[in-house]
Amino acid sequence: RMNTFLDNIQQLSDIISKFPELKYTERDFITAKMQNAEKSIASDSIINELNSLLIKYPYSPLVPQIKTVIAEKTMQKEIDYAIRLAERSRYYNTSIAILEEIIEKYPNTNYILKAKALLKKYQQKYYKLQYKRSYN
């Protein structure tokens with residue numbers, strides 16, 4: 001059987017436990033965890049796993065990158081929530097408020113353009129819906 005990415009992470013974790021003085025291995029472990037998180041769908045468990053890296057390795061040179069991935073996963077999760085509200089329930093005003101907050105909180109992340117495009121889309125839908133209601 002071929003090792004999976006998660007098997008390799010577990011092996012690195014075992015090595016770190018046995019040889020805590022190996023800083024190079026620690027860096028590899030953190031990098032592998034971040035790469036796994038970047039490939040994963042945004043979820044509380046992924047965000048919590050990344051936060052646990054910050055607690056376990058607060059002096060790692062990779063802390064800024066971990067924080068960036070946490071911000072992006074949090075933003076992705078919030079955008080997904082705003083999309084569900086708008087597309088399933090037509091709660092455009094709530095989605096608009098969420099997206100405005102996301103844009104303000106995370107201006108320098110990879111998802112900012114998506115958030116801005118969705119904001120514009122839901123504002124148009126909201127105004128169109130309000131217009132229809134006012135003339136019915």
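Modeller: The crossing of α4 and α6 is left-handed, a label used when the near helix is turned anticlockwise from the far one by less than a right angle, clockwise being right-handed. Helices here are DSSP runs of H or I with at least four residues, and strands are E runs of at least two, numbered from the N terminus. This is a predicted model, in which local features need pLDDT of at least 70 and side-chain atom pairs count only at pLDDT 80 or more, while totals for chains, interfaces and linings use all residues. Residues are numbered from 1 along each chain as its sequence is written, and side-chain values use heavy atoms, leaving out hydrogens and water.

Let's stay with α4 and its two partners. The axes of α4 and α6 (residues 112–134) lie 11 Å apart, at an angle of about 15°. That makes the two helices roughly parallel (under 35 degrees; over 145 is roughly antiparallel, 65 to 115 roughly perpendicular, the rest oblique). Axes are lines fitted to C-alpha atoms, for helices over the stretch in contact, and angles run from 0 to 180 degrees between N-to-C directions. On the α4 side, M75, I79, A82, I83, A86 and E87 meet a set in α6 that includes I112, L118 and Y122, where contact means heavy atoms within 4.5 Å. By class, this contact has nine nonpolar, no polar and four charged residues (Ala, Val, Leu, Ile, Met, Phe, Trp, Tyr, Cys and Pro are nonpolar; Asp, Glu, Lys and Arg charged; the others, Gly among them, polar).

Now for the other partner. The axes of α4 (residues 63–89) and α5 (residues 92–105) come within 8 Å and cross at roughly 165°. That makes α4 roughly antiparallel to α5. This crossing, too, is left-handed. M75, I79, A82 and A86 are among the α4 residues that meet α5, where I98, L99 and I102 are among the residues they touch. The contact has ten nonpolar, two polar and two charged residues. Just after α4, R90 takes a positive phi of about 60°.

As for length, the 27 residues of α4 should span 39 Å at 1.5 Å a residue, which agrees with the 38 Å between its end C-alpha atoms (the expected span is 1.5 Å times one less than the number of residues).

Finally, back to α6: I112, A115, L118, L119, Y122 and L129 are buried there (under 20% relative accessible area with a 1.4 Å probe, protein chains only; exposed is over 50%, partly exposed in between). Their cover includes α4 and α5.
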